[in-house]
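User: I'm new to reading protein models. Could you walk me through this one, a question at a time?

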Amino acid sequence: MSQQGYVTAPPYSQSQPRMGGFSAGFGPPNSSLHYGHYGDPNSSHAAAPQPGLSKSTVPLGSSAPLGPLPPATHQVSQNNFQSGPSAAGQQPHRFQSPLPPNNTGPSYPPGSHQSQPASPNTVSTSCTTQLANQLNSMQINSYGPGAIQSSHTSGHPQQLPLTQHQMTLQPGPQIPPPANNFSGLCAQSSLPSIARQDGIPGSGLPNPNLQQLPGQTPGPGYHPQQANYGPQMAGSQLSYPGAFPGGPAQLSGPPQKKLDPDSIPSPIQVIENDKASRGGQMYATNTRGQVPPLVTTDCLIQDQGHASPRYIRCTTYCFPSSSDMAKQARIPLAAVIQPFAIVPQNETPLYVVNHGETGPIRCNRCKAYMCPFMQFIEGGRRYQCGFCNCINEVPPFFFQHLDHIGRRVDHYERPELSLGSYEYVATLDYCRNNKPPNPPAYIFMIDVSYRNINSGLVKLICDELKTLLDKLPREEQEESSAIRVGFVTYNKVLHFFNVKSNLAQPQMMVVSDVGEVFVPLLDGFLVNFQESRSVVNNLLDQIPEMFADTNESETIFAPVIQAGMEALKAAECAGKLFIFHSSLPTAEAPGKLRNRDDKKLLNTDKEKTLFQPQVNSYESLARDCVANGCCVNLFLFPNQYVDIASLGLVTMYTGGTLYKYNNFQLNSDSPQFLTDLRRDIEKKTAFDAIMRVRTSTGFRATDFFGAIYMNNTTDVEMAAVDCDKAVTVEFKHDDKLNEDSGALIQCAVLYTSVSGQRRLRIHNIGLNCSTQLADVYKTCETDALINFFAKSAFKAILSQPLKVVREILVSQTAHMLACYRKNCASPSAVSQLILPDAMKVLPVYMNCLLKSTVLTGRPEIPTDERAYHRQLVMSMGVADTQLFFYPQLLPLHNLDLKSDTVPAAVRCSEERLSEGGAFILANGLSMFLWLGVSTPPELIQGLFNVPSFAHISAEATLLPDLANPYSKKIKSIVERIQSQKPYTMKLMIVKQREQPEMLFRQFLVEDKSIHGGASYVDFLCCVHKEICQLLN
Ligand SMILES: [Zn+2]
């Protein structure tokens, strides 16, 4: 964690060794295992290419991007809605814009959520007015920019005047002490009395008239709620089946006035405001320290010198200039880097720069790559590195004259001089053993034990692979994929298959010594699918029959990974294993596991052991896999505990993806599984990757979170990294930062492409620095903060009691807000809660994180589910964590059937549901269709082709394809939600007041959780109390 730190020292907190080059990291395969390899100044320096010394064989101007760089087309207007200082003199560059000038509407992709291209001014003004009205009524005051004591206040007309939220809450004695529940935090059940007026029109629906159903009890796995509901309208008594047994939290005496949920900052309002002001427009990355649109806002991004927010998002775009300031504010300084993020079709893909045999031009001292932060001097003969200030010679082949403002005349013709992101072709220096890599391979490894055969899963996989293997990823210019494929089946032993193209029949080789796995064949194991199609298809037909009579129920697991890794190693290539596995590996073999799940450990200091691997061998296996570029994708089909903390470890460390299908049923779960499998096989993936984050002087990367492995403190190793994986990097000061030069970050990822090319992908971003805390707060991005907090907390629970981790999260939230209050806000009564504008939804999101299944130790939540969520979140990007912690709740009953837009979401609270409504809720892993008891019959008819609510079957997991406007519209909304997400969400149909509703309600994250987590209002009160204590 940031300044206050978790109790144990972070593993990567040692001082950074001198920076070395990637090129030094690839000697013999084992060399990268040596700790501190990059710390040896001699080795890294000597092996690094010395561009200035090499004789250039590349003619001037031969840095050929893919495709010609087009001439200037138009001036790009700057969308600077931020009030931070803008870098003066930035010119739009001359790359072809994918958009015609002054046109953001028609060429916007059909996937746009933006429905209001009309005047953003009008929209934002009306939103502002509405919010201001509400706030006034609630005695929550909005302050204009003047309230911030900032050196950079802005009078930009489009900036919302609400720069902070101020509300009167009364902390102290009026807040009851926290209930003694699991979290020990923020559990007070009654609300502080808050002055407000009734009758304020809320934007949400009135509270549904939910009646208690007699005789209905909660099902197993759901505990009755112990406290009253959080935000509810005055006077309305919520009564829910089984949920409110009249515990201690029932209010006694005359009904108290409740805090209107509309009076506290709304995530939906923040999201919609940003959409209204910035959605559907072009965002040009031409200004250092510019805050991008929210991750939930659709816009067109144009690279003009800083990496697109699709690749890098930061917790703040203005770093405090000193570490003292950083300690005071406690705002984590972090970047969430998704280096291979997918960009929409209408945005320019990355150019590839080729500097020929000399390889990329790099600073002699810090090894940073040529980028827009290098300053050319002395007529263009030298350049000063923006990261370490070293003066370097310009290699002769790269020389170019400077223009009258000191810029190279070829500035706009070279991506590496004018763009935030681009790729370099890597030379042999950047390859293992100085040899060009072989194309990667995919190995399919199928558990053929009794259960998988019996359930039909093996046949399903084999049938599907026959068509999927035609969809292996390839470079755009290639006709077919260069990726080779291999096949293994296993139960207690391993079966390798020879599928060489000239064979009439596939051949099976059994490896029964699973203690010392070896690969029984090299020739014929990894093949080109096109060439071996008939033999492979023959094999896939035979596998289900081959094991049809099996009685074997025990399986191995670690030797399976070992075998796949050895096969890739023998073939001298990187690759992915696709393992389809169902059970706890209890067979006698390395990595054998026992069922060690123990609910008694919950809420004890030993709870953390449930998230640690059961045996050490998985960690060393993971290290070997990373060293050999072997990424492990795991598809799990468990019926009971399978110890995901152990099984998933190799997947996590190797940049793989974990999929889980509980109690897999062929009929209902196949679509979800097959879609996941197809997406994963088709995914653009970078193999054998190593990432390095360089910074300008004064700060450095100190901690890394993600599906990554680290042998030392600086090199982030990933056996593979795909478009959905993000690494969150934390920075710390080691000196003062200069306001003029800012804080510069360069992320370089060396990798092997799907066709076997060695490449470097470079992302550069510049942030501002300031001596004013207000500038730091003003440029914070709450979505990125939550991504950081989630990953750092989920990492910390491996070594610390969960209670401590939760307390740190609450305390850090309070500290950040108290520091703002103390240093940035205008003086006011202590009872006022003041939230900085950029962080006004931090409390609600933080509460969602605190209530997540990972941080909630309750016996009814399966341990595997928690370990699974933990693993998924560790590699998520900002968009995915935002949705995961604050699900989207979309009303379907007021749809405009003629329009193509997705309806605006409503807040995740029961308040927003209504008997006459239908809603979709999605968080990226789960999707629900909730139907009120009075859902309009025409909607029910349209969706399900049944006459009434009572006729709807909640068993279905897909909506039927019906030829009517309701069905088409809602199916298209479901597809739209799904299309941008890495995991396929299985649709669950939930009827109001029927059993599955209890599950659904866990996702209404603003409410008090059935597992005991605080409501948003309660949490806000709790944070406010902490802030008051800090201020006193
Ligand atoms: Zn340098």
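**Loops, metal and charges**

User: Where does Gln-612 lie?
Analyst: First, a heads-up: this is a predicted model, where local features need pLDDT of at least 70, side-chain atom pairs count only at pLDDT 80 or more, and totals for chains, interfaces and linings use all residues. Residues are numbered from 1 along each chain as its sequence is written, and side-chain values use heavy atoms, leaving out hydrogens and water. Helices (H or I, at least four residues) and strands (E, at least two) are DSSP runs, numbered from the N terminus. On that numbering, Gln-612 sits in the loop between strand 17 and helix 10.

User: Is Gln-612 buried, partly exposed or exposed?
Analyst: Buried means under 20% relative accessible area, exposed over 50%, and partly exposed in between (1.4 Å probe, protein chains only). Gln-612 has a relative accessible area of 26%, so the residue counts as partly exposed.

User: How far apart in space are Gln-612 and Ala-867?
Analyst: Along the sequence, 255 residues separate Gln-612 from Ala-867. From C-alpha to C-alpha in space, the gap is 9.1 Å.

User: What is the phi of Asn-603?
Analyst: Asn-603 is found in the loop between strand 17 and helix 10, and is partly exposed at 44% relative accessible area. Asn-603 isn't a glycine, yet its phi is positive, at about 60 degrees.

User: And which loop holds Asn-434?
Analyst: Asn-434 also isn't a glycine, and its phi is positive too, about 55 degrees. With a relative accessible area of 42%, Asn-434 is partly exposed. Its place is the loop between strand 12 (421–425) and strand 13 (441–447).

User: Which residues are the protein donors of the zinc ion?
Analyst: Donors are N, O and S atoms within 2.8 Å of the metal (3.2 Å for Na, K and Ca), and water is not among the atoms, so sites may look incomplete. Here the donor atoms are SG atoms lying 2.3 Å from the zinc ion. In sequence, the donor residues follow the spacing C-x2-C-x18-C-x2-C. They are Cys-363, Cys-366, Cys-385 and Cys-388.

User: What arrangement do the four donor atoms make around the zinc ion?
Analyst: Four donors count as tetrahedral if all angles lie between 85 and 135 degrees; for comparison, four count as square planar and six as octahedral if opposite donors are over 155 degrees apart and all others between 65 and 115, and anything else is irregular. Around this zinc ion the angles run from 100 to 116 degrees, which makes the arrangement tetrahedral.

User: How far apart in sequence are the parts that Cys-366 and Cys-388 tie together?
Analyst: Cys-366 is in the loop between strand 8 (352–353) and strand 9 (375–377), while Cys-388 is in the loop between strand 10 (382–384) and strand 11 (391–393). Cys-366 counts as buried at 5% relative accessibility, and Cys-388 counts as buried at 11%. The pair ties together parts whose separation in sequence is 22 residues.

User: How many disulfides does a search of the whole structure find?
Analyst: A disulfide is a pair of cysteine sulfur atoms within 2.5 Å. Take Cys-371: the closest cysteine sulfur, in Cys-385, is 7.2 Å from its own, too far for a bond. Cys-625 is in no disulfide either, as the nearest cysteine sulfur, that of Cys-630, is 4.1 Å away. The number found is zero.

User: Which residue forms a salt bridge with Glu-607?
Analyst: A salt bridge is a side-chain nitrogen of Lys or Arg within 4 Å of a carboxyl oxygen of Asp or Glu, and the structure holds 43 of them. In this one, the closest N and O atoms are 2.8 Å apart, and both residues are buried. The partner of Glu-607 is Arg-866.

User: What is the N to O distance between Asp-880 and Lys-981?
Analyst: Asp-880 is buried, with a relative accessible area of 11%, and Lys-981 counts as buried at 10%. Their side chains meet in a salt bridge, with an N to O distance of 3.5 Å.
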